[in-house]
Amino acid sequence: MKETVEIGDAELARVLYGERDRHLRLLRDTFGLKVVAREGAVSLEGDEGAVAAAARALDLMRKRAAEARHLRLYEVEDIVDAVARDPGFCDEVRIEVRGGGYVTPRTKGQARYLEAMRDHDIVFAIGPAGTGKTYLAVAVALQALRTGHIKKIVLARPAVEAGEKLGFLPGDLREKVNPYLRPLYDALHDMLDFAQVRKYTERDIIEVVPLAFMRGRTLNRSFVILDEAQNTSVGQMKMFLTRLGTGSKGVITGDVTQTDLPQGQASGLVHAAQILGGIEGIGFVRLTRRDIVRHKLVEAIVGAYERDDEERRKGRGPEQAP
């Protein structure tokens, strides 16, 4: 099958094709097509399904380039990867980040997650590593801050020891807990430049804290994110949920398969999912390994562990080492 996509505008074509046609080469390699650009048009030739998907990706790329008059390689990679996963992918839900870039859902699960954060005051996002749970929540929080819907962002994480002891780490308390909060800072720095992050944190507009530091507070007009919530106790989860004040939103993220709590202690995230379902205003989104957007091997690794867990539950798994 062969399809020709008209571009027209020479400047738009230059942006769309990328430096030395690298964007078109990405289309070619991802969908296994013959891709030829000439005289303001792109010709796609190959398998019918692949041509249709590549044309869809090219159309999304063209819209993005026409709006911003630039198209970064990572934006093209996001679009192409999303369409390769789901040919019906639509990037109408977009969150602007620094430099005119966008954060968009790359799977249907992520799209449901964004919709849940739009429609509910409290959202639980439960799923494996790499599904964008924290990243998308931070993006939505920054958008709410820019538009004036909230006045403060609070990012919290339980400082549960995953095999390391805090007492043996060097430094004062802040330096001891900072490694546990680093993933939240990473998300912030990906969407804001260093000066903005520093300004917001110095002015207490953005606060990154260990969960224990939230006890006794009431947070009004705030966007509050609890990351790694599978490592909360039942009491800690109740404490967190009751911190939300007037005009606030809360997002709770976690992966129930990676709990670092002491053996036998109930996870606050698992308990909350059991008792809070059906309450109006609270949304639950369950992401799966199909929503993983990290390195391609991460999805395969998560799948292998899921199969191993299933076999162990059936009593047929490999014997544990003594």
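# Notebook: strands, rings and positive phi

For strands and helices I used DSSP runs, numbered from the N terminus: helices are H or I with at least four residues, strands are E with at least two. Two strands count as paired if DSSP finds at least two bridges between them.

**Ground rules.** I number residues from 1 along each chain as its sequence is written, and side-chain values use heavy atoms, with hydrogens and water left out. As the model is predicted, local features need pLDDT of at least 70 and side-chain atom pairs count only at pLDDT 80 or more, while totals for chains, interfaces and linings use all residues.

**Strand β7.** I listed the partners of β7 (residues 152-157). It is joined to strand β8 (residues 206-210) by 5 bridges, and the two run parallel. Another 5 bridges join β7 to β9, again parallel. In β9, L155 stands opposite I225.

I then looked up burial, where buried means under 20% relative accessible area, exposed over 50%, and partly exposed in between (1.4 Å probe, protein chains only). In β7, 6 of its 6 residues are buried. In a regular strand the side chains alternate between the two faces of the sheet.

**Whole chain.** I noted 11 helices and 11 strands in the protein chain. Of its 322 residues, 45% are buried. I took a contact as heavy atoms within 4.5 Å. Among contacts between residues at least 6 apart in sequence, 70% join residues at least 24 apart. The chain exposes about 17,200 Å², and carbon and sulfur atoms supply 49% of that area. Accessible areas come from the Shrake-Rupley method with a 1.4 Å probe; for residues, only the protein chains shown count as cover.

**Aromatic pair.** How many aromatic pairs does the structure hold? I found 1. The rings of F124 and F284 have centres 4.7 Å apart and planes at 10 degrees, so the pair is stacked. The cut-offs are centres within 6.5 Å for rings of Phe, Tyr and Trp (its six-membered ring), with planes under 30 degrees apart counted as stacked, over 60 as edge-to-face and the rest as tilted. F124 lies in strand β6 (residues 122-126) and F284 in strand β11 (residues 282-286), so the pair ties together parts that are 160 residues apart in sequence.

**Helix α9.** In α9 (residues 234-241) I marked M237, M239, F240 and L241 as buried. The buried residues of this helix pack against β6, β9 (222-226), β10 (249-254) and α10 (268-275).

**The open sheet.** I traced an open sheet of 3 strands in the order β1-β3-β2, with antiparallel pairing. Its edge strands are β1 (2-6) and β2, each pairing on one side only. On average, neighbouring strands of this sheet are turned by 15 degrees against each other, direction ignored. Axes here are lines fitted to C-alpha atoms, for helices over the stretch in contact, and angles run from 0 to 180 degrees between N-to-C directions.

Strand β2 (residues 34-38) is joined to strand β3 (residues 41-45) by 5 antiparallel bridges. A37 has V42 in β3 as its bridge partner. The hairpin of β2 and β3 has 2 residues between the strands, and E39 there takes a positive phi near 50 degrees.

**Positive phi elsewhere.** Most residues other than glycine have a negative phi, and most peptide bonds are trans. I noted R20, with phi near 55 degrees, in the loop between α1 (10-17) and α2 (22-31). R20 is exposed, with a relative accessible area of 72%. I also noted E228, whose phi is positive at about 55 degrees. E228 sits in the loop between β9 and α9 and is partly exposed, at 26% relative accessible area.

**Loop residue D86.** I placed D86 in the loop between α4 (73-85) and β4 (95-96). D86 counts as buried, at 17% relative accessibility. From D86 to K108 I read 8.0 Å, C-alpha to C-alpha, and 22 residues in sequence.
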